[in-house]
Amino acid sequence: MKKVCKVCTNEFDGVHRDVCSWQCDEKRLKTLREELDESVKSDKSHVENLSKGDS
Ligand SMILES: [Zn+2]
């Protein structure tokens, strides 16, 4: 069964994986982590804005 890698869009054989190789897996994890960092940052600035509004 052919699947398409979510990172580099290569076709590959695999049933349980979403990516074609561990390199792409790491790349995907890195992207996920960066997105998580971004959401944490915007959470923090949101809290700061709220506390500024209180004073
Ligand atoms: Zn790939």
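Modeller: Val-15 sits in the loop that joins strand E2 to helix H1, and H1 covers residues 22–54. Helices (H or I, at least four residues) and strands (E, at least two) are DSSP runs, numbered from the N terminus. Residue numbers start from 1 along each chain, in the order in which its sequence is written. The model is predicted, so local features need pLDDT of at least 70 and side-chain atom pairs count only at pLDDT 80 or more, whereas totals for chains, interfaces and linings use all residues.

Val-15 counts as exposed because it has 6 C-beta neighbours inside 10 Å. The cut-offs are these: a residue is buried if 20 or more other C-beta atoms lie within 10 Å of its own, exposed if 12 or fewer, and partly exposed in between, with C-beta atoms placed from the backbone. Between the C-alpha atoms of Val-15 and Lys-3 there are 7.6 Å, although the two residues are twelve residues apart along the chain.

Cys-20 is in the loop between E2 and H1 as well. Cys-20 is buried, because 20 other C-beta atoms lie within 10 Å. Leaving out residues up to four places away in sequence, Cys-20 touches Cys-5, Cys-8, Asn-10 and Phe-12. Contact here means that the C-beta atoms of two residues, placed from the backbone, lie within 7 Å.

Thr-9 has a phi near 60 degrees, which is a positive value in a residue other than glycine. Thr-9 is exposed, because 9 C-beta neighbours are found inside 10 Å.

Glu-34 is part of H1, and Glu-34 is exposed because it has 10 other C-beta atoms within 10 Å. Glu-34 and Ser-45 are eleven residues apart along the chain, and their C-alpha atoms are separated by 17 Å. Ser-51 also has its place in H1. With 8 C-beta neighbours inside 10 Å, Ser-51 is exposed too. The C-alpha atoms of Ser-51 and Lys-2 are 52 Å apart, for a separation of 49 residues along the chain.

Now the whole chain. One helix and two strands are present, in the order β-β-α along the sequence. The chain is more spread out than a compact globule, because its radius of gyration is 18 Å, well over the 10 Å that the globule rule gives for 55 residues. That radius is taken over C-alpha atoms, and the rule is 2.2 Å times the number of residues to the power 0.38. Along the principal axes, the C-alpha atoms fill a box of roughly 60 × 15 × 15 Å. Of the 55 residues, 4% are buried.

Last, confidence. The mean pLDDT (the predictor's confidence in each residue, from 0 to 100) is 88 for the chain, and 93% of the residues reach 70 or more. Confidence is highest in E2, at 93, and lowest in H1, at a mean of 87.
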